[in-house]
Amino acid sequence: MLFNSYIFILFFLPVTLFLYFSLNRLRQEKLAKIVLIMMSCWFYAYFHIGYLAIILLSVFCNYGIARILLSQSEGSIWKRKLLCAGIFANVAVIFYYKYFDFLLENVNYFFRVSYPVRNIIMPLGISFFTLQQISYLVDSYRGETKGYGLTDYCLFVTFFPQLVAGPIVTHDEMMPQFQDRERKRFSQECFARGLYWFAVGLFKKVLLADTLGAAADWGFLHPDTLSAAGSFVLSLLFVFQLYFDFSGYCDMACGIASMFHLDLPINFNSPYKAHSIIDFWKRWHMSLTRFLRKYVYFPLGGSRRGTARTYVNIMIVFLVSGIWHGANWTYILWGCMHGAAQVLNRIFAKLWDKVPKGIQWLATFLFVDIAFMLFRSDTLGDFAVLCSNIFTGKSGGISGEMIQCFDVIEFTYLEDHIGVLGQIMSRLPGIHMWLVLGICFLVALVGKNCYEREFRPTAAKALGSVVMLVWSVISLSGLSTFLYFNF
């Protein structure tokens, strides 16, 4: 089920909220958790009923391993072996569903063989809920998860706002909230804040990300037809599509959790304001960065084993990040690009600090932009074509098909009913696209995100929430998944 769908907004969410708080009001707290788990399972199974068996099997197996880890004595060799086996099993499941076909395709290509590709359907969110459970196993090995029952664990993994695209939460963030009796009461302030965040996120997704996405999808399907200007504009379209798609999802996820009087961790903090690649990764997908730092970088030795080893560890972390994002060489090289940029940023940190802030921002943004062009390209060949278009200065204008994607009803309605405006706009080819890009730059670089602003319920916020919700719901002409559902 999608947050940006009629069934979710008009039925699933209000019914789930009503059932959860009604049962808690009747002091049926355990039953309220079970109902929330069942509704979360329905939310997940709505995509494909077969996915449900996979996630439930994963939940029960991991919980069983965690309980055994907690029962073992400190320093036991069997305890360490069980942890390794648990991690290996989780990684093996991800590998099978996400990378097995990719492995076969590359074996066929490099060794000139023809093993049949299985076309395995990847369960949505498997990368997210598996990493979450790996973190729980490691914390159980350390003895940090005592006192949590199966119900709380099931809710920890399946809680629908963060189930399929994060944030990747840890037990110490969510389990105490599930057990806090004060949080079982309906809070008008938390609900108002959650509704406002949800409205902002839905607006970002439906009105900005999906509009940008239509043009970006066309451009990446036809890289050979684009000029230098068209290729560069295409990179901007995708970089902002991904920004508002992911930012919108994070706002909606945190907003829904707030309606349930629960807090999810911040996962997205205005990353395009970053002045370095290090700063970018402190702002982009913050829960993934935290997981990789805590459960990959630190176990590798972090920065404790000398400069050279630190740089090797950074490259390993970003290689893992690239592989985690998808089964394609574009993702792997994207991760390596960011790893190399992180290393160079550290090597030349003192020199970089002397560069004017404006140049720091521009260099960082352009690097992120080009790297995301690789991230989005279907093949390395497509990326090479786009880079060639840009750096060789291929002549030509911006594709009319891309520009037409911005002739949305909001613009055309105003121009049809305001004659002067229509005449002005008709003389400015591509003006709709440039207006949308201008809005994107303004929001991403000047505006504060939801987490930076202290929320105070006001009449203006209430009116803004209603306008954004109604506008977005009316604009739900079709269902479009969030980009991070694919990862």
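How many of the nine residues of helix H6 (residues 150-158) are buried? Eight are, so H6 is largely enclosed by the rest of the structure. Buried here means under 20% relative accessible area, exposed means over 50%, and partly exposed lies in between (1.4 Å probe, protein chains only). The model is a predicted one: local features need pLDDT of at least 70, side-chain atom pairs count only at pLDDT 80 or more, and totals for chains, interfaces and linings use all residues. Residues are numbered from 1 along each chain as its sequence is written, and side-chain values use heavy atoms, with hydrogens and water left out.

The buried residues of H6 are Thr151, Asp152, Tyr153, Cys154, Leu155, Phe156, Val157 and Thr158. Their cover includes helix H2 (29-45), helix H3 (49-71), H5 and H7. Helices (H or I, at least four residues) and strands (E, at least two) are DSSP runs, numbered from the N terminus.

His171 is placed in helix H7 (residues 171-179). This residue is buried, with a relative accessible area of 4%. Leaving out residues up to four places away in sequence, His171 touches Tyr136, Asp139, Glu144, Thr145, Tyr148, Phe156 and Pro176. Contact means heavy atoms within 4.5 Å. Phe156 is also one of the buried residues of H6. From His171 to Val157 the separation is 14 residues in sequence and 9.4 Å in space, C-alpha to C-alpha.

The largest nonpolar core has 141 residues. Such a core is a set of buried Ala, Val, Leu, Ile, Met, Phe, Trp, Tyr and Cys residues joined through side-chain atoms within 4.5 Å. Phe8, Phe198, Phe240, Tyr272 and Phe372 touch the most other members. Helix H9 (residues 228-259) supplies the largest share of this core, 19 residues. Phe198 is in contact with Phe3, Phe8, Ile9, Asp251, Met252, Gly255, Ile256, Met259 and Leu469, leaving aside its neighbours within four places in sequence.

On a 1 Å grid over the protein atoms alone, a cavity is a set of points where a 1.4 Å probe fits but cannot get out. A pocket is an open set with protein on both sides within 12 Å along at least five of seven lines. Lining residues have an atom within 4 Å of a point. Grid points are joined across faces, edges and corners, and a volume is the space filled by probe spheres set on the points.

The largest pocket holds about 530 Å³ of space. Its lining has 18 residues, and Val91, Leu131, Ile134, Val296 and Val320 lie nearest its centre. Helix H4 (77-111), helix H5 (126-141), H11 and helix H12 (307-325) each supply at least two lining residues. H4 gives the largest share, five residues. By class, 17 residues of this lining are nonpolar, none is polar and one is charged. Ala, Val, Leu, Ile, Met, Phe, Trp, Tyr, Cys and Pro count as nonpolar; Asp, Glu, Lys and Arg count as charged; the others, Gly among them, count as polar.

The structure has one cavity of 30 Å³ or more. About 40 Å³ of space lies in the largest cavity. Ser135, Ile168, Val169, Thr170, Ser287, Arg290, Phe291 and Tyr295 line it. Helix H11 (residues 286-297) gives the most to this lining, with four residues. Four of the lining residues are nonpolar, three are polar and one is charged.

Two side chains form polar contacts of note here. A polar contact is a pair of N or O atoms within 3.5 Å; within protein, one must be able to donate a hydrogen and the other to accept it, and residues adjacent in sequence count only if both atoms are side-chain atoms. Arg376, in helix H15 (residues 357-376), is buried at a relative accessible area of 19%. Its side chain makes a polar contact of 3.1 Å with that of Asp217. Ser5 lies in the segment before helix H1 (6-25) and is buried at 5%. A polar atom of the Ser5 side chain lies 2.6 Å from the backbone oxygen of Leu2.

Backbone angles complete the picture. Most residues other than glycine have a negative phi. Ser270, in the loop between H9 and helix H10 (277-281), has a positive phi of about 45 degrees. His285, in the loop between H10 and H11, has a positive phi near 45 degrees. Ser270 is buried at 2% relative accessibility, and His285 is buried at 0%.
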